Amino acid sequence: MTGGRLLAVLILAATVALIVVGTVWPVQSVSAMVGTGSDLLRPSSTPQAAVENLADAIGKRDWEKAYSSLANKNEFTQADFERDLNGSYPSLRGHASLENSDVRPLHASSDDAQVKLNLRWTTVVGTFLDTRNLRVISSGDRWSVVWPLVKEPRVPPQVIPVNYLRWDVIYRGAEDDWGAQDVESPHVRIVDMHPVDRGGGVVVMGELLNEDVVPAFVTVKATLLAKDGSALATEDSFDKISHILLPRQVTPFLIEFHNVALSQVDSVHMQPSSTLIAASADPVIEIEDQHLNPGPQPSLSGKLLNQSGQVVNVAHVLGTFYDNTGQLIWVSDGYVERALLPETPIAFAVSVPPDIASKTKTERVVTSTYSSNRFQ
């Protein structure tokens with residue numbers, strides 16, 4: 001096995017391993033590491049205390065305690081409650097840790113209150129926010145939460161025809177008499193690249209094209225060079241890139257350099273690399289209702305539709321933004337915390353810096369997907 005192929009396989013294995021390890025054995029959050037005794041909680045004598053106690057039980061994954069405290073538990077089972085928060089299929093949400101919670105009273109009377117609960121979950125690839133508008137009702141001297149259960153759609157039994165391209169790779173074995181011949185690495189090319197001064201550092205962004213007829217596992221490394229030719233810093237696009245490219249596919253990339261000023265940089269040395277990899281065009285993820293949302297906290301949102309017959313456990317969304325001249329001006333990314341079920345739309349949103357949103361004329365979304373059945 002060549003050094004380049006070995007490096008690419010190691011990077012792919014490490015990426016998948018980090019996602020799997022981070023979801024199966026998540027780091028305990030601060031709230032979850034605090035003692036589990038009920039003596040640490042306030043009695044649910046106010047609407048806010050009732051919601052805080054519920055959030056504490058959820059953070060510790062004490063599902064029995066959380067479920068038993070609900071005012072409307074007769075409307076659904078504990079398993080339904082757990083599926084609402086964890087999802088029905090393995091995903092980032094199912095093994096996230098509660099980083100913190102925020103309780104905001106909205107309205108209250110003597111026996112009824114409205115409270116907003118923000119649950120911020122942390123995963124191996126970042127955080128996500130789950131906001132619930134809760135009704136809290138009084139029963140004697142105790143308040144209880146009416147939980148607004150969100151049921152995950154059920155996929156009906158059906159047959160989904162599968163017709164997609166697939167590439168398998170056969171490498172030269174140790175006993176094969178092929179001399180030094182082996183499968184050639186795919187041809188890839190950087191079709192756009194430019195550095196910008198951003199946030200006290202330098203950001204190098206661009207797009208990479210797989211111009212071959214076979215799939216490629218790709219990475220991009222950038223080195224900033226000073227005027228005397230010395231290297232200021234070297235980084236790669238570990239997460240803000242789609243690593244697996246089918247023939248003729250394009251991926252954006254973004255590489256961040258901290259504590260380096262653009263004025264120090266004379267040139268940028270780019271080093272794309274590729275390795276032939278077995279791949280298929282399934283699952284196909286369609287992007288629906290894509291639009292840029294303006295405002296103080298702009299975002300690019302839409303829906304992902306899994307057109308295949310398999311469950312996608314993790315979906316990575318990359319948003320590419322262009323100005324009115326067609327020049328790439330930013331790359332944002334985010335992960336969908338729930339699994340993508342077949343033929344079931346699920347919403348996504350990635351944040352956009354306000355100054356970038358004001359300059360954006362068009363945008364494009366690409367996705368990378370991970371399914372657990374491919375690594376079993």
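Reply:

**The open sheet**

In this predicted model, four strands form an open sheet in the order β1-β2-β3-β4, and their pairing is antiparallel. Strands here are DSSP runs of E, at least two residues long, numbered from the N terminus, and two of them pair if DSSP finds at least two bridges between them. At the edges sit β1 (97–108) and β4 (142–146), each pairing on one side only. From one strand to the next, the twist averages 30°, with axes being lines fitted to C-alpha atoms and angles running from 0 to 180 degrees between N-to-C directions.

Now zoom in on β2 (residues 112–123) and β3 (residues 126–139): they run antiparallel and are joined by 12 bridges.

Zooming back out, the protein chain has 6 helices and 19 strands, where helices are H or I runs of at least four residues. Of its 376 residues, 43% are buried, that is, under 20% relative accessible area with a 1.4 Å probe, protein chains only.

How confident is the predictor? The mean pLDDT, its per-residue confidence from 0 to 100, is 86 for the protein chain, and 85% of the residues reach 70 or more. Over residues 6–10, though, pLDDT stays under 50.

A last note on reading all this: residues are numbered from 1 along each chain as its sequence is written, and side-chain values use heavy atoms, leaving out hydrogens and water. Local features need pLDDT of at least 70 and side-chain atom pairs count only at 80 or more, while totals for chains, interfaces and linings use all residues.

How values were computed: Buried < 20%, exposed > 50% of the residue type's maximum accessible area, 1.4 Å probe, protein only. pLDDT = per-residue confidence, 0-100. Contact = heavy atoms within 4.5 Å.
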